[in-house]
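Please examine the sequence and the structure shown below. The paragraphs that follow lead through the packing of its helices.

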Amino acid sequence: MKGYVYLIKVNQLQYVGSTTDFSRRKNEHRIKSKKGNTSLYQAIRNNDNKYSMYFISIKQYETIKDLRAEEERVRNQLKCELNMMKCC
């Protein structure tokens, strides 16, 4: 399956996520940034709803578990402050 690992930056704060449908996930983040209650969405609102979203990797994964493991590896490597929990 094709998987995406992405980075959201809000000022100097970072969040890493993964998905198999980037367009859908990007839209979900846009919608949730207006009312969501996580540290990511609160940071976005505190920054006048400004944030940047970048691809870290786009590649084929055997399983969703493999995609989540890559997300967790990147999250740990970048020490992302806005992720609230481990992804696997």
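Helices (H or I, at least four residues) and strands (E, at least two) are DSSP runs, numbered from the N terminus. Just after helix 2, Asp48 adopts a positive phi of about 55 degrees. The model is a predicted one, in which local features need pLDDT of at least 70, side-chain atom pairs count only at pLDDT 80 or more, and totals for chains, interfaces and linings use all residues. Residues are numbered from 1 along each chain as its sequence is written, and side-chain values use heavy atoms, with hydrogens and water left out.

Helix 2 (residues 39–46) packs with helix 1 (residues 22–35) at an angle of about 70 degrees, their axes being 8 Å apart. Axes here are lines fitted to C-alpha atoms, for helices over the stretch in contact, and angles run from 0 to 180 degrees between N-to-C directions. Contact means heavy atoms within 4.5 Å. On the side of helix 1, the contact is made by Arg25, His29, Lys32, Ser33, Lys34 and Lys35; helix 2 contributes Leu40, Tyr41, Ile44 and Arg45.

Within helix 2, the residues Leu40, Tyr41, Ala43 and Ile44 are buried, a term that means under 20% relative accessible area (1.4 Å probe, protein chains only). Seen down the axis of helix 2, these buried residues fall within an arc of 160 degrees, so they line one face of the helix. The arc is that of the directions from the helix axis to the C-beta atoms. Their cover includes strand 1 (2–10), strand 2 (13–19) and helix 1.

Glu71 belongs to helix 3 (residues 64–78). Glu71 is buried, with a relative accessible area of 7%.

Key
Buried means under 20% relative accessible area, exposed over 50%, partly exposed in between (1.4 Å probe, protein chains only).
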